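Good morning, colleagues. I would ask you to look at the structure on the screen while I describe two of its regions.

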Amino acid sequence: MIDFIAGVFGSSNYWYIVLRSTAPILLVTLGAVITEQAGITNMALEGSMLWAALVGVLASAATGNVWIGLAGGILASLVVAWTLGFFALKLNANAVLCGVALNLVGTGGTVFVLFSLTGDKGISSSLASKTLPFIKLPYLGEIPWLGKVVSGQNIVVYLAILAVIVVHVILNKLTIGRRIRATGANVEAARSAGIDPDRVKFLALTVSGVLAGLAGCFLSMGYTSNFTSGISAGRGYVANAAQVVAGGTAVGAIFASLIFGITDALATFLQNIGLPPELIQSLPYAVTIIGFIVVTISRDRREAARKRALFASAPAAAPREPVPPTRPGRGAA
Amino acid sequence: MDLILETKGLTKVYGNGTVANRRVDFGLRPGEILGLVGENGAGKSTLMKVLYGEEAPSAGRILLEGKEASFSSSQDAIAAGIGMVHQHFMLVPSLSLAENLVLGKEPKRKRSRFFDQDEAVRITEELSAKYNLKVHARARVVDVSVSMRQKLEILKVLYRGARIIILDEPTAVLTPQETEELFAELAELRRQGHTVVFISHKLDEVIALCDRVSVMRDGRLIATHEVAEVDSQTLSNEMVGREVRLKLDKTATSAGAAVLVARDLSYVDDFNITMVNHVSLTLRRGEVLGIVGVDGNGQTELVRILTGLERSLSGSLKVGGRELMGAGPGAIRRAGVAHVAEDRMTVGAALGASIQDNLLADRYSEGRFTGRFGFMKTEAMREEARSIVADFDVRCASASQSVASLSGGNMQKVVVGREFTADAEVLVVSQPTRGVDVGAIEFLHRRIIAMRDAGKAVLLVSSDLAEVMSLSDSLVVMSAGRIVAYFEDAAAVSDKELGLYMLGLKRQGEDEIRKVLHED
Ligand SMILES: Nc1ncnc2c1ncn2[C@@H]1O[C@H](COP(=O)(O)OP(=O)(O)OP(=O)(O)O)[C@@H](O)[C@H]1O
Ligand SMILES: [Mg+2]
């Protein structure tokens with residue numbers, strides 16, 4: 001068993017799969033990060049991915065063009081995000097409940113549409129859908145072991161890495177990023193500064209819609225080459241937990257989704273040694289939730305421990321604001 | 001003289017039928033500091049919100065430099081050069097001061113959407129220097145003091161080009177020293193040609209700072225004076241419409257048995273500062289023990305520990321002989337400790353809930369309000385609320401109104417009304433009259449003394465030195481989280497002497513401080 005695991009971790013094939021498994025969860029986690037920073041929880045990421053995966057397949061099969069498929073998929077995902085925005089922001093409905101409702105519509109709705117068009121409830125294999133291109137990297141690909149890991153991945157894997165940079169720049173370098181963070185941290189303050197919080201949240205939802213759309217299309221047009229019912233497999237929900245592990249930053253999202261990717265890829269290998277597949281498939285989710293719990297608890301613990309240590313060692317604090325206590329116009333009582 | 005901003009017959013009726021302003025003729029001269037005083041609920045904040053475009057007037061006109069103006073939102077008012085600093089801060093704690101300042105009107109790098117951090121800091125520092133309002137541009141808002149946040153709020157208004165600046169009770173949360181600093185800064189603004197409206201309940205402040213003062217009562221603007229021609233007694237009589245006694249009668253009593261015994265309490269805050277450092281004290285029946293100290297020297301945290309809202313890192317807390325350290329606020333309340341929290345907006349009251357729900361929050365589950373099978377006795381609840389509202393003179397349309405729609409002083413009466421009728425043995429009272437008008441202050445002070453006379457143990461914390469000194473029987477001084485002095489007889493100490501202890505310049509010997517333990 002130990003040998004087996006060591007063998008797995010040493011193989012370039014394993015790490016190739018890790019990157020492949022990480023990409024979709026990374027994209028949705030970034031979406032969750034940006035909406036959460038803007039102060040709205042995008043619980044509908046799951047639904048966004050499902051519709052993107054289906055529409056991507058349908059549009060690419062209908063037109064024979066994979067890029068039109070991708071555009072269609074992203075648009076479908078955006079429609080879900082905007083619907084959430086409309087209900088949560090314009091009609092003031094509870095965002096989490098709306099998100100869950102949209103996910104349920106997605107689960108049933110995608111199967112319904114698939115069945116209406118193909119007569120199959122499970123898989124779109126009867127459609128001649130396209131897959132997004134895999135890209136061989138020119139020089140990196142030549143490097144022994146490493147080349148096999150990073151080169152030859154689907155274009156979306158590279159786009160996911162690009163997305164980290166984009167989200168990082170949005171949140172930290174652009175003016176809109178300050179507005180997003182201000183809105184998430186104190187809506188009243190943002191409003192009084194002349195910012196329209198609803199617009200900011202809508203924008204964050206739009207970005208997350210594009211990211212979830214990309215992730216959804218990848219699942220049905222790259223990761224696999226078909227749409228299957230429930231293809232997003234809860235990644236949209238996990239993203240909201242991973243967002244917490246990420247600490248609300250784009251760079252943190254890499255680590256949070258790698259936890260998922262590493263176990264997800266491991267699960268693929270473990271299937272070969274005869275563990276029950278149901279158990280193995282639940283592994284990545286369990287590990288992410290455990291990561292979520294560990295991060296939350298350790299943040300609290302560290303805080304408490306730091307205080308105790310400081311209290312034990314710290315000299316008495318200096319008095320604050322050392323200025324005379326009386327003021328003209330108010331005499332002794 | 002021409003007026004820069006005026007209202008003619010301005011009337012404001014809120015959605016629930018409250019008439020907050022009645023035919024108000026308000027006038028502001030260019031380049032003056034105008035004080036605006038009035039009882040809680042007199043309509044001061046409402047009038048200012050109308051001028052700032054946040055509330056639409058129901059009738060009447062607004063004239064800006066003689067020309068008719070109508071603001072449909074505060075954006076319009078800002079564009080017209082009117083800025084307002086609200087009673088409550090409007091800041092994003094996790095962003096830096098510079099980022100907060102430019103929020104909504106950010107500097108960008110040339111022809112891009114990139115936020116220009118350095119430019120934001122430069123703008124902040126430039127404004128800060130220009131108006132002599134000192135702030136740390138790069139620090140985060142969470143890390144700076146309340147008075148610096150206040151300055152930042154004023155700078156925000158100036159950055160948006162305001163010539164008329166409305167300050168709604170800016171000094172309510174400031175220490176006397178910070179207030180003095182603010183006054184110098186406001187005088188500087190006036191010198192540079194800005195016009196200021198200054199709302200405060202502290203009449204001395206108004207007289208010290210302002211050129212003129214307008215008095216509001218019951219929604220009407222009833223008088224405007226040159227400050228040189230009035231005194232605080234006249235103003236307070238006008239505000240309340242009757243004689244107000246600014247001095248308090250208090251008979252001496254002798255303290256009884258110990259009820260609350262706190263030993264060796266400690267607390268370290270989020271910024272690693274030891275806010276409470278091995279503090280011990282004893283509260284006795286029939287005695288008001290006052291805590292004085294410059295704000296931020298551990299008083300807040302000590303109160304939070306005593307009322308179970310925070311856990312001490314060491315020591316013990318006994319009420320009536322029972323150990324309650326770490327028992328939580330519910331158990332401490334049940335053991336007989338009532339708490340008037342210093343911040344009525346967050347800890348003291350649930351703003352969205354009704355007055356009745358707030359008044360009954362600590363007792364709704366008692367047998368007299370909840371019957372068998374958990375059914376609530378609505379009639380008994382309504383009766384209780386009605387009687388507290390009457391007893392504590394809460395000015396409201398009905399007890400089912402939300403607390404958020406009350407004026408600041410009336411909110412405070414709701415909190416005090418609940419705590420003082422809680423049948424507690426110990427009353428921990430923090431900043432009881434912050435943002436409260438003179439009439440209500442007089443009332444609240446009398447109630448505190450009445451509780452003492454009824455044999456309760458009272459711990460009083462207030463940043464109003466005059467208030468603590470006049471109400472307390474004995475005094476403790478806190479500095480840097482420690483008790484540095486104890487005075488058995490509060491009447492026998494001068495504020496000058498207290499000042500030396502508050503600043504940490506002087507410290508009593510351990511033996512003298514130990515007397516607060518009453519362990520003989
Ligand atoms: N949003 C609201 N809805 C309904 N009534 C309100 C609202 N805001 C204020 N009021 C009522 O209008 C009246 C005037 O309130 P306002 O806040 O203007 O008083 P104030 O003079 O500023 O008092 P304070 O000194 O306590 O702040 C009060 O009776 C208050 O209960
Ligand atoms: Mg007010």
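**The surroundings of ligand 1**

Let me begin with a contact to the backbone: a polar backbone atom of G43(B) lies 3.0 Å from an oxygen atom of ligand 1. Please bear in mind that this is a predicted model.

K44(B) has a side-chain N or O atom 2.8 Å from an oxygen atom of ligand 1, and a polar side-chain atom of T46(B) is 2.5 Å from an oxygen atom of the ligand. Of the accessible area of 640 Å² that ligand 1 has on its own, the protein covers 84%.

Which elements give two or more residues to the shell around ligand 1? They are α1 (44-51) and α14 (408-420) of chain B. The greatest contribution is that of α1(B), with 3 residues.

The shell comprises 20 residues, of which N40(B), K44(B), S45(B), T46(B) and S405(B) come nearest to ligand 1. By class, 13 of the shell residues are polar, 4 are nonpolar and 3 are charged.

I turn now to the surface of chain A. There, V96(A), V100(A), L104(A) and Y237(A) form a nonpolar patch, and together they have about 330 Å² of accessible area. Helix α5 of chain A, residues 95-118, supplies the largest share of this patch, namely 3 residues. L104(A) is found in that helix, α5 of chain A.

Notes: Residues numbered from 1 in each chain as written. Chains lettered and ligands numbered in written order. Predicted model: local features only at pLDDT ≥ 70, side-chain atom pairs only at ≥ 80, totals over all residues. Heavy atoms only, no water. Near = heavy atom within 4 Å. Polar contact = N/O pair within 3.5 Å; in protein donor to acceptor, adjacent residues only side chain to side chain. Areas by Shrake-Rupley, 256 points an atom, 1.4 Å probe, with all protein chains shown as cover. Helix = DSSP H or I, 4+ residues; strand = E, 2+ residues; numbered from the N terminus. Nonpolar A, V, L, I, M, F, W, Y, C, P; charged D, E, K, R; others polar. Patch = residues over 30% accessible without salt bridge, like charges linked within 9 Å, V, L, I, M, F, W, Y side chains within 5 Å. Salt bridge = Lys/Arg side-chain N within 4 Å of Asp/Glu carboxyl O.
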